[in-house]
Amino acid sequence: MEFFLISMLNGVSYGLLLFMLSSGLTLIFSMMGVLNFAHASFYMIGAYFGYTLTGLIGFWPALIVSPLLVGACGALFERLSLRKVHPYGHVPELLVTFGLSYVVLELVQLIWGRVAVEFQPPELLKGSAFTLITHSVEGMRLVLGAAPADMCASMDTAVRVVCSPFPATRAFMMVVAVLMLVALWLLLTRTRIGLVIQAALTHPDMAEALGHNVPRVFMLVFGAGTGLAGLAGVIGGSTFVTEPAMAATVGSVIFVVVVVGGMGSLAGAFLASLLIGVIQTFAVAIDYSFLSLARDLGWQLSAAAQDNTFAKLTVSQVAPILPYLLLVLILIFRPKGLLGTREG
Amino acid sequence: MATVYKFKPLNVGRWVIWSLFALLLLVAPLMFTRNLSHTMLEQMGIAIIACLSYNVLLGQGGMLSFGHAVYTGLGSYMAMHALNAVSGGKLGIPVSLLPLVGGLSGMGFAVLLGWVTTRKSGTPFAMITLGVAELVFAMSLMFSEFFGGEAGVSGNRVAGQPFLGITFGPQIQVYYLIAVYTFVSVAALFAFTQTPLGRILNAVRDNPERVEFIGYNTQRVRYLAFIISGFFAGIAGGLGAINFEIVTAEVVGAARSGAYLLFTFLGGATFFFGPVIGGVLMVIAFVLLSELTKAWLLYLGLVFLFMVMYAPGGIASLIMMNLRVAKFGKLRQIWNSYLGLGLTALVMLAGAGAIIEMVYHLQLNSALGDNLRFMGVMLNARGLDSWFGAAFVMLTGLGLFELARRQYMREWGAIQEEIEKEIKRRETAV
């Protein structure tokens, strides 16, 4: 039970991090029709900015400042480069962001080096947010912060006590993601600028005719989307590792999220992020293969079958391909994506 | 409306170009006799086939694929396993036909995976190819029996019965095998662009809706093109397996797919011969540029970025545009501007290059001291004067380049107008 709870929480927190990234991507895509291939690169820049700024002004100010800086970089890129390519169509737009991802990767390696940097979360977030104590006699209990050592050890050998801590960084990740989700939703539906954005999304010509500067709205949306990626970068970088490969590891997963959720659907992206986060987290933790399944069912397998590569594969080994398998399955059975409305 | 009948029994220009291409393939290893140049020529042949097969998707079909290495890579693996089967005496085909094994397996995988990917076009297509590429790459780490794990699968190309004394032991024999395959593939891919399927593929790229109206299934057209592209990609992969005699998991990796995309685009996706230039550039970049400087990927990315922004037709389109100017005898007018552009760009690049190289030096080789040589000049990576000098050179170059560019744009616009007028005049004269 405690395994399930902790894995679930880990999965949800990872899913929420994915959502922080994919929300920006979806926003940009649904507004401008541009798939920002360099979105994960902005996530990486956010992490590295966060790392450098933490050394200068501390973690909490860096958490605010670096997403703003990343957003400014994104807006600048939109203004100087993407806008020039816009008349050529969507494929050159995708290509320009693809080229940017190369340049960003090299620049990051140029400035911060090729090995991981040590980006530590602040003291406040270093410990555990709460600890689940499973007592075989007294049942399950929840203690805020780290549990005292005597509570996790049992006097009696017959009584089994397991303490499962939940890291504070992950809890913080969840809080920030949920706050961001609410803020984004309020911004899009309850404010004037949100209305303009929605109008520019579906009827750009009409919005322009009514006197709104649609290219500037595009620039702001691109800046905001990349800023969200930067925010995810500061949190993701301090929770996981800050290294040049971090963009590649998360980049392809968020594309899967966007397709599985349905292109351009924010709610779909939310659902798909959580789904993929939970699936991946559980899969990594399960050490179970066809072989062990057969054993549990009491089947007798031949020696050849026992040595079969497919039979020996455990679920945790298959974990890296699960998001992509999900992508292929979704495309076959529901090409629109989970909550998508349009077929691309 | 007057119909103009043209009678052309022999397209002389085309015959000349293809003969020259064949001749070039024949004599290239005789002109460049060094071992390194032979290796590069072989890789160029392979890269040309791979880039051309990629361009069936990108240039002719408007399908931006991020996973082309899947088909070249899996073709490589299948050819390598076939080679090992030949060595073990289990398979009785000559080594010279192994690229076809690669091609057929590339085609097979394209039939299988393309069915999913070509259901969509445009941006979703790009993302799905990316997903499929990641899927295959992740699998390559899981199934070490087929993919050979970290070490890869290796083999020996001197296998089976020698045919007419050809054992593929000496490198020159491998070169000519690749040259033959390159010529045949390039010719076949060119012929493909002239077929009804190749034509309708262009229509699917430009206006899928209209193609649906005239009764074609666009998804089917994309699927067929994808299969053909997969076949030639597999041939390139099979040749790669014979050439290197080792196949590792990186041949299906995202970096390889990215390289195909990058260089096909740089060469020029809108013209048939663009990817040929791209393939040659790819090998030059991978073999020579990476030796020259550690920052080559950065330069490559920047060049690509500027190419997409300012010359979306790639190098091929630049050549064709200037050929048009030359054809109307106006190249002389713009010659000075080109000289100015080139010189100022060189100054700017020298400054920027010095800065980039100094940063790389600080990052990677600071143990070797602070001094580095850049274009015959000794720079001190920690010295203020070097930095100031480099920045000064770069900014001066940038300012002059901008001036030259404005002048050039004016002249270019004027010349294009003149050419348009000339064309109109000729039309009315007829």
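The model is predicted, so local features need pLDDT of at least 70 and side-chain atom pairs count only at pLDDT 80 or more, while totals for chains, interfaces and linings use all residues. Residues are numbered from 1 along each chain as its sequence is written, and chains are lettered from A and ligands numbered from 1 in the order in which they are written.

Chain B holds 16 helices and four strands, where helices (H or I, at least four residues) and strands (E, at least two) are DSSP runs numbered from the N terminus. Of its 430 residues, 40% are buried, a residue being buried if 20 or more other C-beta atoms, placed from the backbone, lie within 10 Å of its own.

In the contact between the chains, 34 residues of chain B meet 37 residues of chain A, two residues being in contact if their C-beta atoms, placed from the backbone, lie within 7 Å. Of the side of chain B that touches chain A, the largest share, 13 residues, comes from α5(B). The helices of chain B that each supply at least two residues to this side include those tabulated here.

| Helix of chain B | Residues |
|---|---|
| α5 | 122-142 |
| α13 | 296-310 |
| α15 | 331-364 |

In chain A, helix α3 (residues 59-85) has a kink of about 40° centred on A:Glu78, the bend at a residue being the angle between axes fitted to the seven residues ending there and the seven starting there. A:Glu78 is also among the buried residues of α3(A), and the cover over these buried residues includes α2, α4 and α9 of chain A together with α13 of chain B.

How values were computed:
Buried ≥ 20, exposed ≤ 12 C-beta atoms within 10 Å, placed from the backbone. Expected span 1.5 Å × (residues − 1).
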